[in-house]
Amino acid sequence: MEISKDKVATLNYVLKNDQGEVMDQSEDGRFAYLHGANNIIPGLEKALEGKKVGDKISVTVAPAEGYGERDLEQIQQVPRNMFPPDIDIQPGMQFQAQSPDGQMMVVMVTAVNNDTVSVDGNHPLAGENLHFDVEIVDVRDASSEELEHGHVHGPGGHEHG
Ligand code: ZN
């Protein structure tokens, strides 16, 4: 069976950046996604189209087909008093914030100054070339429930009742 729209594929993968550092990896074949449902970045989904169990591919995905370019407007100075006073704010901490258009987003603290905190709302992998080594472990038909939800259930996917 080949990976195509409405199939569930289970993968083993390692993701590295341009420096060869491992940024992310699957836990021993436990990552599953629904093909054709925007569960994964477009560049990787395209590369997996038509692949079968046992296939191994290496693919490099540019930011435009990955997590996008880094957007400097997402890097902002926020008044220190916008944060809870009892928390010792440190670079690397993540907070939920509301963007100007009302969407919830995760921002990461990049620097702490006297009266302001620098936060970055870009995805941590924005602007990075993504180098994936992928092995296809399983391919199956999606259940009607999975198609309805737009994601995979069970091992490697969503666990919800
Ligand atoms: Zn579901």
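Mentor: Start at R140, which is partly exposed at 31% relative accessibility. Buried means under 20% relative accessible area, exposed over 50%, and partly exposed in between (1.4 Å probe, protein chains only).
Trainee: What does R140 form a salt bridge with?
Mentor: With E146; the closest N and O atoms are 3.0 Å apart. A salt bridge here is a side-chain nitrogen of Lys or Arg within 4 Å of a carboxyl oxygen of Asp or Glu.
Trainee: Is E146 buried or exposed?
Mentor: E146 is buried, at 3% relative accessibility.
Trainee: Back up a bit. What sort of model is this?
Mentor: A predicted one: local features need pLDDT of at least 70, side-chain atom pairs count only at pLDDT 80 or more, and totals for chains, interfaces and linings use all residues. Residues are numbered from 1 along each chain as its sequence is written, and side-chain values use heavy atoms, with hydrogens and water left out.
Trainee: How many salt bridges are there?
Mentor: Five. One of them joins E65 and K46, at 2.9 Å from N to O.
Trainee: Where do E65 and K46 lie?
Mentor: E65 is in the loop between strand 4 (56-61) and strand 5 (75-79), and K46 is in helix 1 (residues 42-48), so the pair ties together parts 19 residues apart in sequence. Helices (H or I, at least four residues) and strands (E, at least two) are DSSP runs, numbered from the N terminus.
Trainee: And is K46 buried or exposed?
Mentor: K46 is exposed at 56% relative accessibility, while E65 is partly exposed at 30%.
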